[in-house]
Amino acid sequence: MGFSVTAPQFAAPFDVEMGETILDAALRAGLAYPHGCRSGNCGACKSALIEGEVEMSPHSEFALSPAERANGLILACRAVPWSDCSVRILDADETVAHPLRKMQCRVVDVADLTHDIRRVRLAIEEGGPFTFTAGQYANIRFADLPSRDYSMANRPDQPLLEFHIRLVPGGAVTPFVREQVKAGDSVRVEGPFGTSYLRDKHTGPILALAGGSGLAPIKSIVETALAGGKRQPITLYFGVRAERDLYGEAEFQALMATYGNFRFVAVLSSPDGPTVRRTGFLADAVRADLLAAGPTALDGAKAYLAGPPVMVESAVAALADLGVGRQDCHADAFYTEADKAKIAAASAG
Ligand SMILES: Cc1cc2nc3c(=O)[nH]c(=O)nc-3n(C[C@H](O)[C@H](O)[C@H](O)COP(=O)(O)OP(=O)(O)OC[C@H]3O[C@@H](n4cnc5c(N)ncnc54)[C@H](O)[C@@H]3O)c2cc1C
Ligand code: FES
């Protein structure tokens with residue numbers, strides 16, 4: 001026995017099996033329900049529960065705050081129906097629907113971008129063609145290790161898939177990527193996923209905020225926007241700890257020389273010594289610049305954010321203070337297994 005779920009975005013109701021989440025059931029039915037992490041961390045599947053009862057499993061407050069929950073919002077990836085339900089998807093602006101592909105890829109080359117971030121480029125051998133929108137990510141399985149999410153750093157029109165993978169000490173996958181992945185290796189890739197993609201119809205200012213390897217999707221977004229002829233101001237803030245964590249700077253400076261509407265700002269949070277660069281936390285640098293630019297600088301703006309959860313969450317909060325609502329912040333926080341375990345423990349206790 002199961003239940004039925006309706007959503008105005010879909011022509012027909014879909015069936016949910018007992019114990020199944022609304023998101024899993026929608027995806028099983030082949031519906032393009034917006035989603036990202038599928039683990040209650042990102043907020044991409046946020047929906048209004050119009051009618052019916054659901055049980056919510058643990059999720060982060062960033063994805064859904066207690067106030068939002070009290071106002072009848074749910075996360076479809078955490079919501080298990082206990083009756084027939086009616087929901088309304090919130091993040092429905094400019095939805096994209098690419099076919100979900102399960103592909104066999106081959107490593108073309110591996111290069112060090114910094115002391116702890118590697119670039120891995122893949123050629124698709126089977127299961128393509130792969131289409132995605134700049135800012136989306138894929139689920140990747142190296143050898144027989146658990147699969148992990150990594151964002152595409154290339155533009156969608158480029159043939160090789162490019163990933164920037166930061167070493168997480170003690171992790172199940174990234175030490176292997178650091179030490180062992182090499183050209184010629186076979187890799188399984190499934191995707192695309194995610195809703196923090198470039199909104200093509202948007203013509204207002206773009207704030208692109210990246211921390212560490214969060215530069216991967218943000219690079220794809222910025223390069224796609226510029227190559228596609230977008231004319232609005234596009235500002236990329238790249239937050240890292242120290243000089244040795246910076247990468248891609250020469251390429252972004254070249255883009256700045258070519259496109260008058262693009263600006264690149266590197267921000268160091270813990271410089272090793274005296275520096276001419278901006279210093280401090282990324283969110284503070286963005287806040288200071290926007291306050292100095294005046295109240296109209298953010299009219300019609302959208303922000304794209306990716307990187308460590310603490311950076312993404314503080315930047316989203318800073319933007320909210322300045323009047324950029326959550327619906328205009330398209331954010332991928334790079335939650336690891338440790339972050340997910342913390343959220344589960346906090347919600348359980
Ligand atoms: C949407 C999305 C996009 C992403 N894109 C990128 C990207 O482009 N580039 C990138 O570098 N990363 C990205 N990430 C992060 C990436 O998916 C991995 O989480 C990261 O690479 C760590 O993988 P790992 O297997 O090495 O570490 P994990 O095995 O996840 O371990 C991480 C840390 O947690 C500890 N740990 C593991 N399990 C537990 C547990 N149960 N309890 C407590 N601690 C635990 C480990 O010891 C380690 O220190 C993205 C994440 C998301 C959600
Ligand atoms: S997909 Fe539901 S919170 Fe990320």
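Trainee: Which element gives the largest share of the shell around ligand 1?

Mentor: In this predicted model, β11 supplies the largest share of that shell, 4 residues.

Trainee: Which residues come nearest to ligand 1?

Mentor: The shell has 27 residues, and Gly 170, Gly 171, Val 173, Thr 174 and Ala 338 come nearest. Two or more residues of the shell come from each of β11 (148-151), β12 (161-166) and α8 (337-348).

Trainee: What makes a residue of this shell count as nonpolar, polar or charged?

Mentor: The class follows from the residue type: Val and Ala count as nonpolar, whereas Gly counts as polar. By class, the shell around ligand 1 has 13 nonpolar, 9 polar and 5 charged residues.

Trainee: Which domains give at least three residues each to the shell around ligand 1?

Mentor: Domain 2 (101-193) and domain 3 (206-337) each do so. The protein chain also has domain 1 (2-89), and the C-alpha centres of domain 1 and domain 2 are 29 Å apart.

Trainee: Why is α4 called largely enclosed by the rest of the structure?

Mentor: A residue is buried if 20 or more other C-beta atoms lie within 10 Å of its own. In α4, 10 of the 13 residues are buried, so the helix is largely enclosed. Among these buried residues are Leu 215, Lys 219 and Ala 225.

Methods. Residues are numbered from 1 along each chain as its sequence is written. Chains are lettered from A and ligands numbered from 1 in the order in which they are written. This is a predicted model: local features need pLDDT of at least 70, side-chain atom pairs count only at pLDDT 80 or more; totals for chains, interfaces and linings use all residues. Domain bounds come from an automatic or database domain assignment. A residue is near a molecule or strand if its C-beta atom, placed from the backbone, lies within 6 Å of it. A residue is buried if 20 or more other C-beta atoms lie within 10 Å of its own, exposed if 12 or fewer, and partly exposed in between; C-beta atoms are placed from the backbone.
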